[in-house]
Amino acid sequence: MRRRRTIAVKRVCEAPSRSDGLRVLVDRLWPRGLSRRAVAADLWLREAAPSPALRRWYAHEPRRWKAFAARYRAELERRPEVIRMLRDLRRRAPLTLLCAARDAERSNAAVLRELLETRRRKRR
């Protein structure tokens, strides 16, 4: 029986921990003011980020969260290779999705985690 790998969401400013596993930055832009060492990302997957237009529209406005999540999922449906890559990485090790958003639970990383976990449940 396969052990279920976890997917965590963290802000880039949070210190890395051993339980993070593979740390993947899923923002299109590098976090302002942080060095590569401070972020400690194993991979920067820009392709997983929302389009610049969607990111600007959302602007982390809480009232736009549900619409953002739906639009972002639609964008991800047009990029199956990104989901496939993240799914493959998750099979190898625990996965931590990093984002620079102040509210990590209302970020593109949270939408990605939900999508990956939902797809995994559907496949069973």
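**A walk through the model**

Modeller: T96 counts as buried because its relative accessibility is 1%; buried means under 20% relative accessible area, exposed over 50%, partly exposed in between, with a 1.4 Å probe and protein chains only.

Modeller: This is a predicted model, in which local features need pLDDT of at least 70 and side-chain atom pairs count only at pLDDT 80 or more, while totals for chains, interfaces and linings use all residues. Residues are numbered from 1 along each chain as its sequence is written, and side-chain values use heavy atoms, with hydrogens and water left out.

Colleague: Where does T96 lie?

Modeller: In strand β4, residues 95-99. Helices (H or I, at least four residues) and strands (E, at least two) are DSSP runs, numbered from the N terminus.

Colleague: And which residues does T96 touch?

Modeller: Leaving out residues up to four places away in sequence, T96 touches A8, K10, D20, L22, R23 and V24. Contact here means heavy atoms within 4.5 Å. As for D20, its backbone oxygen is 2.7 Å from a polar atom of the T96 side chain.

Colleague: What stands opposite T96 in β4?

Modeller: A8 does. Strands β1 and β4 run parallel and are joined by five bridges. Two strands pair if DSSP finds at least two bridges between them.

Colleague: What is the strand order in the open sheet?

Modeller: The four strands go β1-β4-β2-β3, with parallel pairing. β1 (7-11) and β3 (43-44) are at the edges with a single partner strand each, so one side of each has no neighbour in the sheet.

Colleague: Changing topic. What is the volume of the largest pocket?

Modeller: About 680 Å³. On a 1 Å grid over the protein atoms alone, a pocket is an open set of points where a 1.4 Å probe fits, with protein on both sides within 12 Å along at least five of seven lines; lining residues have an atom within 4 Å of a point. Grid points are joined across faces, edges and corners, and the volume is the space filled by probe spheres set on them.

Colleague: How many residues line the largest pocket?

Modeller: 22, with D27, R55, H60, A100 and A101 nearest its centre. Helix α2 (residues 52-58) gives the largest share of the lining, three residues.

Colleague: One more spot: is V82 buried or exposed?

Modeller: V82 is buried, at 3% relative accessibility. V82 is in helix α4, residues 80-92, and touches L45, E47 and A48, not counting residues up to four places away in sequence.

Terms used. A polar contact is a pair of N or O atoms within 3.5 Å; within protein, one must be able to donate a hydrogen and the other to accept it, and residues adjacent in sequence count only if both atoms are side-chain atoms.
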